[in-house]
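Here is a short tour for anyone about to set up calculations on this protein and its ligand. Have the viewer open and follow along, section by section.

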Amino acid sequence: MEINKNYLNLKDSYLFRTIAQKVNEYKSAHPERDVIRLGIGDVTLPLAPEIVAAMSGAVAEMGRKETFRGYDDTNGYGFLKQALRGYYAQKSVELSDAEIFVGDGAKSDIGNILDIFGEENAVVVPDPVYPVYADTNIMAGRKVTYINGNAGNNFLPLPDKDTRADIIYLCSPNNPTGAVYDRRSLGRWVDYALDAGAVILFDAAYEAYVSDPALPTSIYQIEGAKKCAVEICSFSKTAGFTGVRCGYTVVPAELVRGGVSLNKLWGRRQSTKFNGVSYITQRGAAAALSSQGLGQIKESIRYYMENARVIAETLRELGLWFTGGENSPYIWLRCPNGMSSWEFFDYLLNNANVVGTPGSGFGANGEGFFRLTAFGDAENLREAAERIKILLR
Ligand code: PLP
């Protein structure tokens with residue numbers, strides 16, 4: 001018997017464990033100090049009332065013989081696909097039901113979609129970025145090449161003459177940098193993929209945070225993208241579903257590689273290895289996209305984005321370089337005075353009792369940078385911003 005030895009090539013992620021350990025040690029040594037966390041990547045506001053009502057109604061339906069539901073279409077109920085088509089229509093993107101695959105969140109689909117691609121494909125992943133893209137490929141035995149994000153390109157790397165990719169990951173708005181590709185830059189990637197016959201896996205998990213109408217919220221707003229891109233998105237950050245679990249993947253009918261429809265392949269993969277998202281959850285997701293639901297989830301997003309504005313304003317006053325904070329719940333700053341990511345983590349924890357995330361945990365290019373998030377409580381966040389201002393002034 002042999003294990004999958006590719007797993008042995010994964011680097012252990014000590015990032016969040018080390019953070020928790022350092023914070024716990026600090027709190028044990030200083031129990032009287034109030035430590036504020038600006039490092040969380042999880043939402044904190046509760047589900048919107050419209051969602052709760054829809055899910056409660058669905059639970060009641062499941063409890064009556066006449067309205068009980070068992071297995072259904074693996075790829076999602078018609079009512080949710082219709083709501084998603086409406087959501088995309090507002091972005092001027094037309095989708096058919098068959099192009100939408102409802103799943104249990106973006107993370108699963110990011111990993112699972114690799115089932116439909118051959119092992120030999122060259123994979124390009126931006127650095128820094130959400131670690132799941134690289135790790136899922138390493139698990140499958142693929143070699144990953146990194147493309148550099150840095151202050152020079154505002155952490156929005158573009159293809160160049162040396163780029164050789166079959167599979168390209170793009171995350172916009174980006175975790176951890178908060179940087180957002182504009183139409184022209186995203187167009188460069190689409191042109192590259194069309195030329196090279198590559199496929200872009202576009203992670204739009206934070207699209208709902210984009211308020212600038214000039215910025216794309218779907219890769220399909222870029223001409224030609226339906227011929228070269230899969231879009232993976234989620235209700236996690238849009239509607240507070242991190243604990244509910246619902247997402248969706250769009251595989252356009254026009255996306256064909258090696259003479260084969262990727263939509264058909266993904267459909268085959270899903271119908272074999274997946275059995276759909278619960279009716280109750282899908283009712284909640286559809287409610288999030290109703291006009292009342294959208295109004296309510298946008299309130300939560302406004303709350304987080306006001307937090308982001310406060311942090312961004314503080315950093316601007318301090319003259320620190322950063323990306324994000326607009327059109328994204330993440331703020332990515334250059335550590336002051338040439339400190340490394342972990343040096344700044346310790347400095348901030350010990351002197352301001354504020355916790356963030358060291359940028360080096362998201363890739364080699366994250367060294368010397370630091371991630372703050374806007375998902376916390378507004379009052380705590382203002383207090384944290386004040387402390388940062390006093391410490392770094
Ligand atoms: N993609 C990015 C960029 C993320 O930051 C996250 C979660 O933090 C996910 C995907 C995972 O989302 P989901 O909760 O839908 O699995």
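## Around the ligand

A polar side-chain atom of S236 sits 2.6 Å from an oxygen atom of the ligand. R245 also reaches a ligand oxygen atom, with a polar side-chain atom 2.8 Å away. On the nitrogen side, D203 places a polar side-chain atom 2.6 Å from a nitrogen atom of the ligand. Please keep in mind that this is a predicted model, so these distances are computed from predicted coordinates.

How many residues surround the ligand? There are 15, and the closest are A106, D203, Y206, S234 and S236.

The protein chain is split into two domains. Domain 1 is made of two stretches, 5-47 and 293-392, while domain 2 covers 49-290. Their C-alpha centres are 26 Å apart. To the contact, domain 1 contributes 33 residues and domain 2 contributes 47 residues.

About 3,200 Å² is buried between domain 1 and domain 2, and carbon and sulfur atoms supply 62% of this area. On the domain 1 side, the residues that lose the most area to domain 2 are L47, N327 and N365, which together make up 23% of what that side buries.

## What holds the interface

Which kinds of polar pairing turn up between the domains? The rule finds 17 residue pairs in polar contact across the interface of domain 1 and domain 2, both residues being at pLDDT 80 or more. Salt bridges across this interface, by contrast, number zero.

## Salt bridges

Over the whole structure, the search finds 17 salt bridges. One of them pairs K91 with E207, whose closest N and O atoms are 2.6 Å apart. K91 is in the loop between α3 (78-89) and β2 (100-103), and E207 is in the loop between β6 (199-203) and β7 (229-234), so the pair ties together parts that are 116 residues apart in sequence.

## Backbone points to check

Where are the cis peptide bonds described here? One runs from D127 to P128, with omega near 5°, and P128 belongs to the loop between β3 (123-127) and α5 (132-139). Another runs from N175 to P176, with omega near 20°; P176 lies in the loop between β5 (167-171) and α6 (183-196).

N154 has a phi near 55°, a positive value in a residue other than glycine. You will find N154 in the loop between β4 (144-148) and β5.

Terms used:
Residues numbered from 1 in each chain as written. Predicted model: local features only at pLDDT ≥ 70, side-chain atom pairs only at ≥ 80, totals over all residues. Heavy atoms only, no water. Domains from an automatic or database assignment. Contact = heavy atoms within 4.5 Å. Buried area = accessible area lost by both parts, 1.4 Å probe. Salt bridge = Lys/Arg side-chain N within 4 Å of Asp/Glu carboxyl O. Polar contact = N/O pair within 3.5 Å; in protein donor to acceptor, adjacent residues only side chain to side chain. Near = heavy atom within 4 Å. Helix = DSSP H or I, 4+ residues; strand = E, 2+ residues; numbered from the N terminus.
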